[in-house]
Each structure stands twice: as C-alpha cells, then as structure tokens.
Amino acid sequence: MPGPKPPYVVPWKGETVLSPTVQISRFGVEYARPALDSACRDRDQILWAVCGGEPDGGPAYARELHPERQQEAMDGLLCAGCVGEPTRDSSGMLWVLPLLDFAGNTVWEGVRTVIPPLCQGCADHAKAFCPRLREGYVELRVGEAEPVGVMGTLHPRPGQQGRPDHDALVLYDSPDMPFTIARQSVRELRRTTVVAVVPAPS
C-alpha cells in the first residue's frame, strides 16, 4: 500500500525554485521578462519566486515549504496538510511548530512563523512522519494570526555593496519590500495558548 500523502505545503524532490534573470532599479527588483514579472506579483504587487519541476521523487522535508502552496495555505488560513479548514476551538486555531526553528524559545506569544495552521488529523500525521517535528514540537492554539511580511531574497539597491540576502524577513511596511523576491508568507501568532511542548526523544 502507498504511504500517507505528504503535507500539501511540503515540496517534492522533483520541484525547485527557479532563478529567472532579474533587473534592479531605484524602484525595486523585477524579472527581466515583463510577462513573467506581472504573473508573479500578488495583489499587493509583491514579487514572488518562480517554481518549476514536477511533484515526484518523494517529499523534501528538509527544504523550505513550497512557495506557491505555502502562500495559498497561509494567506487563506488553510490546513498545511490537506488545505481544508484548520481545527478550531474556543482558544483559536491549531498550530504545530518545530522546536528546531525556535531554539531556546520559551515565549510563544508574538512568535512569527511561515508554517500554516493544521487540522487535527493532519497534525497527528505530521507529528508522526515529519522529521523536523520528530525533533521536538510545540502545539498551540492561536486566537489571532496577523500577516506581517515575507521571507525571501532581499537585493541590494543600485550602488549598494554586498550580495543578496537570501533569508531576509521583510515586513509589509518596510522600504525593502520592493527589492524583495518573496518565498514564504509570515504571520505573527497572538493570543496563544500552549497545549503541549514535546522535546526531542533523548
């Protein structure tokens, strides 16, 4: 029998983020092909990464989440596993975050994450099969999840020294946003209730 289906937002080994030619002006970064640039901008005119390849070869859990599918789930507050409705109760939506991403963190109010919420069934599956969660996780209920920015590649302005920062957190009100190619939507979790903190097995 085939194994359980990987979470919707996890990339497959056959998928990759492409590197189209870019142009940088004082107005920001853009793809050199105007049609591609237009197609890869969201309703706020933020430029997004281009994805290619095929969903084959098995899930690539060690990579970032798939940019297009992560954006879809995070922006719509859909379950990261099945893209259905996340589980909710009186304390809020269910979130499960790997402790590896928040080493030493003990305060979960206001934490920022690229991981969308989960339904209970997908959360149980993820705890059992996701290598990152098997290294420890925190389970939260979240009353409010405010969209605050993106993770992506921040390009230096014309005349600035230095190389692009490929792991920049750029907030929506930042003047750096026009110079950013986004790969992941970021939400800030508020009114959080800690349900469980499960460390890695000793």
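**Close-up views of a predicted model**

Just after helix H2, Leu77 takes a positive phi of about 50°. The model is predicted, so local features are given only at pLDDT of at least 70 and side-chain atom pairs only at pLDDT 80 or more, while totals for chains, interfaces and linings use all residues. Residues are numbered from 1 along each chain as its sequence is written, and side-chain values use heavy atoms, with hydrogens and water left out.

View 1. Helix H2 covers residues 67-76. Helices (H or I, at least four residues) and strands (E, at least two) are DSSP runs, numbered from the N terminus. In H2, the residues Pro67, Arg69, Gln70, Gln71, Ala73 and Met74 are buried. Buried means under 20% relative accessible area, exposed over 50%, and partly exposed in between, with a 1.4 Å probe and protein chains only. The buried residues of H2 pack against strands E1 (15-17), E4, E5 (51-53), E8 and E11. Contact here means heavy atoms within 4.5 Å. An α-helix has 3.6 residues a turn, so residues three or four places apart point the same way.

**View 2. Strand E11 and its partners.** Two strands pair if DSSP finds at least two bridges between them. Strand E11 spans residues 180-199 and pairs with strand E4 (residues 47-48) in the parallel sense, over 2 bridges. In this pairing, Trp48 stands opposite Ala182. Strand E8 (residues 112-113) runs antiparallel to E11 and is joined to E11 by 2 bridges, with Arg112 opposite Glu188. Strand E9 (residues 136-154) is also antiparallel to E11, and 17 bridges join the two.

View 3. Gln184 has its place in strand E11. Is Gln184 buried or exposed? Gln184 is buried, with a relative accessible area of 2%. A polar atom of the Gln184 side chain lies 2.8 Å from the backbone oxygen of Leu65. A polar contact is a pair of N or O atoms within 3.5 Å; within protein, one must be able to donate a hydrogen and the other to accept it, and residues adjacent in sequence count only if both atoms are side-chain atoms. Leaving aside neighbours within four places in sequence, Gln184 is in contact with residues including Trp48, Leu65, Pro67, Gln70 and Val150. Pro67 and Gln70 are among the buried residues of H2.

View 4. Strand E7 (residues 92-98) is mostly covered, as 7 of its 7 residues are buried. Strand E6 (residues 88-89) is antiparallel to E7 and joined to E7 by 2 bridges. E6 and E7 form a hairpin with 2 residues between them. Arg88 stands opposite Met93 in E7. E7 is antiparallel to E9 as well, through 6 bridges, and Met93 has Val142 as its bridge partner in E9.

**View 5. Salt bridges.** A salt bridge is a side-chain nitrogen of Lys or Arg within 4 Å of a carboxyl oxygen of Asp or Glu. By this rule the count comes to 13 salt bridges. Asp37 and Arg41 form one of them, at 2.8 Å from N to O. Asp37 is buried, with a relative accessible area of 10%, whereas Arg41 is partly exposed, at 22%. Glu139 and Lys127 meet in another, at 2.7 Å from N to O. Glu139 lies in strand E9 and Lys127 in helix H3 (residues 120-129), so this pair ties together parts that are 12 residues apart in sequence. Both Glu139 and Lys127 are buried.

View 6. The side chains of Asp167 and Arg183 meet in a salt bridge of 3.5 Å, N to O. Asp167 lies in strand E10 (residues 165-171) and Arg183 in strand E11, so the pair ties together parts that are 16 residues apart in sequence. Asp167 counts as exposed at 54% relative accessibility, but Arg183 is buried at 10%. Elsewhere, salt bridges that share partners join Arg112, Glu144, Glu188 and Arg190 into one network.

View 7. A disulfide is a pair of cysteine sulfur atoms within 2.5 Å. A search of the whole structure finds 0 disulfides. Cys82 is in none, and the nearest cysteine sulfur, that of Cys79, is 3.8 Å away. Cys82 counts as partly exposed, at 44% relative accessibility. Cys130 counts as buried, at 13% relative accessibility.
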